[in-house]
Amino acid sequence: MAGPALNSAMLRLPTETQLVGHRILVYRELDSTNNRALSASGDGVVIVADYQSAGRGRHGRTWHSAPGLGLWFSVGLDGPLPGLGFAAALAVRDALASHASLRVKWPNDLLLNGKKICGILVEYRQGRTALGIGINLFHDASDIPEDLRERASSILRETGLRLERSEVLKDVLEHLDRRTVALRRGQGRAILNEWRDACDIIGKRMRYQGAVGTVRGVSDAGALEVVADSGQTHWITADHTDFRTV
Ligand code: BT5
């Protein structure tokens, strides 16, 4: 069952931010909130949609954005902001911490009980950045496409909690604001280190490109340094699609 429709409470959010969410535009339907955030003007503008007809992930993958079942939103920012994806993962984790213990999974997922609850997509085009965040809130098993049921879930399904969408949005925007302002002030290193710890991937065994190896480190850009059992060192970036932990 869906939560309440997006309502005017969303337009009054959030209360105390410096940058993110000074203006919030709420739509019943968009193709993708990232598209709107890229074309809109305003540094820190937030675009929310009840439903996305063409929600996307990385590499042109689909992000399922059923009406009313989650929070599908983007923040539009002027200029590039390295480290934004790391900052966003920490912000969502922290914003939901009093309800659920989300785990950051390299490179850009948040998991609850091992299942994907949130996806993050940062895109940059012509001087504009869109930070897109999808959080599954109210899905029952039957709301999740069959091929994803083993790997994806919602806060409701995992915790029994039916959270208020406007409250979750407010909390996430406040955490995002704090992290984004810190990034702009040059605190990217501290955020990267916190994200690196949160990923907890160093020392993990990976299977990739026909090889098996152990993760030795994470670069400043978020790439994994993996030492293959053959002794060779490889760098695995978030663009690689054929890797998994073993
Ligand atoms: C992501 O990509 O996880 C980034 C998703 C970002 C979505 C937000 S919603 C607001 C904004 N507007 C957009 O158009 N996008 C952003 P990736 O790591 O490539 O993962 C995509 C994969 O996650 C898919 O191929 C599916 O396997 C899985 N997936 C799709 N929809 C899902 C959902 N609702 N919950 C969990 N997993 C999902």
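Strand S5 and strand S6 (residues 115–125) run antiparallel and are joined by 4 bridges; helices (H or I, at least four residues) and strands (E, at least two) are DSSP runs, numbered from the N terminus. Along this pairing, Asp109 stands opposite Gly119 in S6. The model is a predicted one, in which local features need pLDDT of at least 70 and side-chain atom pairs count only at pLDDT 80 or more, while totals for chains, interfaces and linings use all residues. Residues are numbered from 1 along each chain as its sequence is written, and side-chain values use heavy atoms, with hydrogens and water left out.

The sheet itself is open and built from 7 strands in the order S1-S2-S3-S7-S6-S5-S4, with mixed pairing; two strands pair if DSSP finds at least two bridges between them. Strand S1 (24–30) and S4 stand at the edges with a single partner strand each, so one side of each is left without a neighbour in the sheet. From one strand to the next, the twist averages 20°. Helix H4 (residues 165–184) lies across S1, strand S2 (45–52), strand S3 (70–78) and strand S7 (128–136), and runs at about 30° to S3. Here axes are lines fitted to C-alpha atoms, for helices over the stretch in contact, and angles run from 0 to 180 degrees between N-to-C directions; contact means heavy atoms within 4.5 Å.

Turning to the aromatic side chains, a search of the whole structure finds 2 aromatic pairs. Rings of Phe, Tyr and Trp (its six-membered ring) pair if their centres lie within 6.5 Å; planes under 30 degrees apart count as stacked, over 60 as edge-to-face and the rest as tilted. The pair of Phe86 and Trp195 is stacked, because the ring centres are 4.0 Å apart and the planes are at 25°. Phe86 lies in helix H2 (residues 84–95) and Trp195 in helix H5 (residues 188–199), so this pair ties together parts 109 residues apart in sequence. Phe86 is buried, at a relative accessible area of 13%, and Trp195 is buried at 1%; buried means under 20% relative accessible area, exposed over 50% and partly exposed in between (1.4 Å probe, protein chains only).

Trp106 and Phe243 form an edge-to-face pair, 5.0 Å centre to centre with 65° between the planes. This pair links distant parts of the chain, 137 residues apart: Trp106 is in the loop between strand S4 (103–105) and strand S5 (109–112), and Phe243 is in strand S12 (residues 243–245). Both residues, Trp106 and Phe243, are buried.
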